4 protein chains.
Amino acid sequence: MLRLASRHLQSASVVNKAPVRGFATAFNWEDPLAASELYTEEELAIQDTARQYCQEQLQPRVLEAYRNEDYDRKILEEMGELGLLGASIEGYGCAGVSTVASGLITKEVERVDSGYRSGMSVQSSLAMTAIHDFGSQELKDRLLPGLAKGKLAGCFGLTEPNHGSDPGSMETVAREHPTKKGYFLLSGAKTWITNSPISDILIVWAKLESTGKIRGFAVERDQCPPGTLETPAIKNKTALRASITGMIQLDDCPVPVENMFPEVEGLTGPFTCLNSARLGIAFGAMGALEDCLDRARTYALERKQFKGNPLAKYQLVQKKLADAATDAAYGTLAATQVARLKDAGKSTPEMISMIKRQNCDRALANSRILQEVFGGNATSDEYHIGRHVANLFVVQTYEGQSDIHGLILGRAITGVQAFV
Amino acid sequence: MLRLASRHLQSASVVNKAPVRGFATAFNWEDPLAASELYTEEELAIQDTARQYCQEQLQPRVLEAYRNEDYDRKILEEMGELGLLGASIEGYGCAGVSTVASGLITKEVERVDSGYRSGMSVQSSLAMTAIHDFGSQELKDRLLPGLAKGKLAGCFGLTEPNHGSDPGSMETVAREHPTKKGYFLLSGAKTWITNSPISDILIVWAKLESTGKIRGFAVERDQCPPGTLETPAIKNKTALRASITGMIQLDDCPVPVENMFPEVEGLTGPFTCLNSARLGIAFGAMGALEDCLDRARTYALERKQFKGNPLAKYQLVQKKLADAATDAAYGTLAATQVARLKDAGKSTPEMISMIKRQNCDRALANSRILQEVFGGNATSDEYHIGRHVANLFVVQTYEGQSDIHGLILGRAITGVQAFV
Amino acid sequence: MLRLASRHLQSASVVNKAPVRGFATAFNWEDPLAASELYTEEELAIQDTARQYCQEQLQPRVLEAYRNEDYDRKILEEMGELGLLGASIEGYGCAGVSTVASGLITKEVERVDSGYRSGMSVQSSLAMTAIHDFGSQELKDRLLPGLAKGKLAGCFGLTEPNHGSDPGSMETVAREHPTKKGYFLLSGAKTWITNSPISDILIVWAKLESTGKIRGFAVERDQCPPGTLETPAIKNKTALRASITGMIQLDDCPVPVENMFPEVEGLTGPFTCLNSARLGIAFGAMGALEDCLDRARTYALERKQFKGNPLAKYQLVQKKLADAATDAAYGTLAATQVARLKDAGKSTPEMISMIKRQNCDRALANSRILQEVFGGNATSDEYHIGRHVANLFVVQTYEGQSDIHGLILGRAITGVQAFV
Amino acid sequence: MLRLASRHLQSASVVNKAPVRGFATAFNWEDPLAASELYTEEELAIQDTARQYCQEQLQPRVLEAYRNEDYDRKILEEMGELGLLGASIEGYGCAGVSTVASGLITKEVERVDSGYRSGMSVQSSLAMTAIHDFGSQELKDRLLPGLAKGKLAGCFGLTEPNHGSDPGSMETVAREHPTKKGYFLLSGAKTWITNSPISDILIVWAKLESTGKIRGFAVERDQCPPGTLETPAIKNKTALRASITGMIQLDDCPVPVENMFPEVEGLTGPFTCLNSARLGIAFGAMGALEDCLDRARTYALERKQFKGNPLAKYQLVQKKLADAATDAAYGTLAATQVARLKDAGKSTPEMISMIKRQNCDRALANSRILQEVFGGNATSDEYHIGRHVANLFVVQTYEGQSDIHGLILGRAITGVQAFV
């Protein structure tokens, strides 16, 4: 169960943010198309809880974290404490909320920082979803509660140095242990893996040597002999610096057969998890965009140029704000629709490609345009806009670059593939 | 009541268009985000009826109509017969359907042609809404049934030659008849008035000489003495050629006080009507865009270039299709949301500005990009794409040009106006 | 020799257009980057002559011509009289001017209408260049003088109904006459051929049956037996309606071997001609864009909205004008550079792909944005902007659609082809 | 005189970059429109020298400099040694090269990093130009040689915390010293001043208390009493981190009247300097863009995805490369044209607004699109693209944000101002 913040408390703390939720006689620029009308009271309360936590606990940390590439491991525990991890999973100590509620949590975290959202998404949508959907009952019972609480950290190893958009060509291999029965030896390298340096549980996708088929493994770090698993951090990133990213290097790392996902084979497994994460990204990117809009609007109202007029008075500035508000509103509606369809068993992967692509594209494009409102001051990280802009480029790129999702949609529309 | 087509019949006639409406296991490129899940069975049936009529009765006429600028007056009667006119009005022989259903009708008509939709919108959202919302009971009883049936044609005179985006500066004036008590004399000129040359009932907005306030009048052509009302057609239009457009020239035209809307004053009256029409346009533009997408997709699958590959095989073509499908899906969701909010009494004019602007902008931009798929063949009017492209420019422009709606949104977001 | 207009006359007639050509102390919005500084006195004089003819003789005819799809055959003679046809060819009654001068002529004609420019380009760059570069001396002596004078009209048959961007797959065939020695029989169909219905000399590219190689033929209409050559006009075009376009239908049409271009084989021949035409288009499109800018600027200065301000006072309008002026200036410089390189023997086809693509793309995009300045009035053809917008789509598309030239450039940059 | 690198040496060191400079039979993707044909042998040699220095001496330092916000003061001396500082100035130990040559130097520096170019531009175009154009002969003789050698570092204080785009509203004031005759006291704050923390000579623009007019002062740090001049560095910048930026805080700082520029008053002075710098930026931004293109092209050729195809094989990738190459070529031609006009005394400030705006806009837009080619790897700073993207946003913004230059152009085109 998700621990809800008291509505009273919330209203007090972010009072000037609270959208009007009753009879909408007035236009609310923060929710221009009244998406909140589509949410249940419980979903709105969950969003409030998440927003309160994010604004009060994450926002004050993000500047230093980003400057120093210093992710605070405690955040996972805090999120776990509030029930934000694996929130849409039933049981195992998870909150079991709707996909919409889960998306709204994601949106609130990314309103602060895409890196913080990435850390949460990897834990929830990738690692926990993989174990929940594909792991044995024993694995679920043993690992999910710790992951849900944030006591254990998880990551998801799919991408390899030479295989980004085309994971089917992966080179990581799992072969039967030549001597130790019931064990596989995993070898290979994964890269750009959020959370890998701090992860206790590493979901690794590898080709089974005997079949050539891709299988999933839950690698437990504390079970790996020295020298078989390394997870060096990647430093000097140009974005997502408030999250921690690394490689996974496996050198004949022994993993018991019980930790292999028993049923799923091929790319179905990773793609299921990615679809869950991508749906979250579609919500999350709208949170980042809304924060950019909020900050640009505030700046435009406070900054005076030319005879004391606020920037907000200028047509060219208003156009930027109007465009961004429109895309944020449209993207939120679309993500909400697909989340509802998912809970009704009616979503398809192509829908998720569509909203992941479009919401990321629009968030990125608009954040860049809003950045112009700040003029030279955007160069100061204290205005936060530069961080969002840099982050959103990666968000557009990871879990399916915009062009790749475009070709997925193109194939779905025409029946003809154009990848090669 | 709306006369529904048999679902069976419909399915037969446009069988390969019918979206999957049950459990959506498969992606449907014609409704990528399953907006149909948001509609009631009745609303879907109304859409089917409208589509059947439009595809069977309007589509075959549009090419010649557009070539020759020849609007068939009988279309209004056909629409009236089916209950498509003033469809969301209760009583007076109107269908009394939901705003969503009304929007879906609009979408089906504009799927054929924006001009046909313009003719219907002017009749329904502008002329009938004006009389219904602001006219005396006597006017409603006397005029609405004929307009609903299409026996009477209506138009809406707001725009003047020198006052487009700024109707508050209108010059048309209504002064008390110097001798004939209970009459006003209207003088002035309106331009770009859809339907004016064929209209029996002309809604005219004019400034009352005595107060300087804008008032609305239902001018009945058959009551106007010779020489007091002229409605010359505007010919050689570059777009919307399947609709008829003209001026309204009033020269001391006598109108009885009973034909003045009794309560409404200022721009509230015309803006109420325009909001209704703009909501329809937000749906309609998505219909035109969907038709462009459908045609471009078909062309891309059939046209072979370079070693026999269909154009649909090329990445640059797939991107165009994917972008258009995305914008059509997003725009349809947004229009549906605002229509639902309207029926719940929760919509605001700014919401309508947002969806009118965005859906028109995206329909226009995507139609132009899809036009590229046809190469030189787009120059043949038989591919229909050039007609949609030309039409959609006007659709983006009328009833609030994109920039104007952007400034309305900018004002709503910032609280500062930037019009002057 | 080109017949120059008196500079005095010219200055008088278009006085408010004349760019400042001395010491440029003031910014000239019509030539913002002072491209005129790159031209010789003779080139400027030729431009003046062309502009005077175009503004005085073509501009008054274009509205009716476009409305009625009625190309005045006499225009070719008028152009021939002034020396505008095949202007860069030496001898044969041609003016023998520089490629820059030839480009400036093209720009002036397209300032009026892309269709008029198309008619001239086909005559000059395609038909005359083909004969000049590839025909036998006898053909040149016999045909070029008449074409130069506009007494003969020419066209260029390359595109076929099923082969637009990929002419190498053409199906038109030339086989040796089974009985009449020294003759070929041509069979096949060409489409979208500017001037074909009025042409006396039709350049036709066909595959030689015996070799499978593409060869060029100068088909003389008056030598074709009845039924072997038909050139039906294509009507109801959505653009370029002031030019005449048609098909070429050949049914065992006998052509003497002397009319086959003796040396050139494969696509070298047509591509040489196309490169010449494309260079002209790169200039021409800038002329059309400049006319759009000029008209939008005038409209924006004259049209008042909101408290009597001219549209020109609004930031959103100024941005449109500034963007268009910039692209026109950049495109003119680039075309001038390539023209100079051509005369120095240093141009390459990829350069021409670059400027044809970019100048057409930018002319089209900006003309559409400038169209917004006119609001609803753009729908009146008397403002001319809608005509330019419609034309420029075709100009972007023909002689290499933008994406095709993009792939030509991509191949040149990477060394890898991506056409299939 | 500029110290030229031996052409031989240069050719050896960057051999695979050398554009073909003879008869251009082949397309050169690095100089697609053969701008090099417009340059003299001397100018090309200067470019070679600059490129050699930049690639050999600056490129290896930039990664660490950017990571650590650590500008190496020695760079100015190295540049001075080569004659790159104030290169277009005659005398005073400056090279006295053409404006084109100066622009080519700028382009080569920014090919490495916009921050390095900023440091050089501030020294050359702002500080040295100010002294050269407006300082007394004594000031020139005393300060220019040291600045030219890079022994002295200079900066330019115009922008204030509350006055960015509108410097005319500056608050910094110069009042006559109440007791010390022949001295002014300067008070106020300047911000976002490149080089200020390391500058020996600080050009400061302030309003003369007695007249209210803006005047310029050369403040010599070693003459300022303690506490009257502070130049704290601004840290944690989101871009241009390889340059050093700071504030200038003046608190009754005494400056002798001889250090005030004697003749110039108002914004003429700063704008003259800014025009010089902006012209350099127009070249420089093209250098950064060309580097992005070069890196993206190389990455696309080396990176294989989907059946072993290089990314360069994909249409969507080729389009990105083609677009960028086109904009780089066009922008280089335009900058060259204005530089030539400047040397001929025929340039205007609006021309410079046009090329500064357009080249920065296009460099930024294309760099962002090219960043997509790198996918997730763009997040590694070792690919350099993220740095260029972040830098180019600031380059677009400083010395006149894109919208401001757009309004300058709009005013020049229409004669109507739209700033307020």
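Is helix 7 of chain A mostly covered or mostly uncovered, and how many of its residues are buried? Helix 7 of chain A is mostly covered, with 28 of its 35 residues buried. The model is a predicted one. The points below describe this helix and then the interface between chain D and chain A.

**Helix 7 of chain A**
- Helix 7 of chain A runs over residues 268-302.
- From its first C-alpha to its last, helix 7 of chain A reaches 51 Å, close to the 51 Å expected at 1.5 Å a residue.

**Extent of the interface**
- In chain D, 43 residues are in contact with 43 residues of chain A.
- The two chains, D and A, bury about 3,800 Å² between them, and 55% of this area is on carbon and sulfur atoms.
- Trp192(D), Phe306(D) and Thr379(D) supply 18% of the area that chain D buries against chain A, which is more than any other three residues.

**Polar and charged pairs**
- Two salt bridges are counted between chain D and chain A.
- Asp403(D) forms a salt bridge with Lys320(A), and their closest N and O atoms are 2.8 Å apart.
- There are 18 residue pairs in polar contact across the interface of chain D and chain A, both residues being at pLDDT 80 or more.

**The side of chain D that touches chain A**
- Strand 10 (304-305), helix 8 (315-343), helix 9 (349-373), helix 10 (385-397) and helix 11 (402-414) of chain D are the elements that each give two or more residues to this side.
- Helix 10 of chain D provides the largest share, five residues.
- By class, this side of chain D has 13 nonpolar, 18 polar and 12 charged residues.

Terms used
Residues are numbered from 1 along each chain as its sequence is written. Chains are lettered from A and ligands numbered from 1 in the order in which they are written. This is a predicted model: local features need pLDDT of at least 70, side-chain atom pairs count only at pLDDT 80 or more; totals for chains, interfaces and linings use all residues. Side-chain values use heavy atoms; hydrogens and water are left out. Contact means heavy atoms within 4.5 Å. Buried area is the accessible area (1.4 Å probe) that two parts lose on being put together, summed over both. A salt bridge is a side-chain nitrogen of Lys or Arg within 4 Å of a carboxyl oxygen of Asp or Glu. A polar contact is a pair of N or O atoms within 3.5 Å; within protein, one must be able to donate a hydrogen and the other to accept it, and residues adjacent in sequence count only if both atoms are side-chain atoms. Helices (H or I, at least four residues) and strands (E, at least two) are DSSP runs, numbered from the N terminus. Ala, Val, Leu, Ile, Met, Phe, Trp, Tyr, Cys and Pro count as nonpolar, Asp, Glu, Lys and Arg as charged, and the others, Gly among them, as polar. The expected span of a helix is 1.5 Å times one less than its number of residues. Buried means under 20% relative accessible area, exposed over 50%, partly exposed in between (1.4 Å probe, protein chains only).
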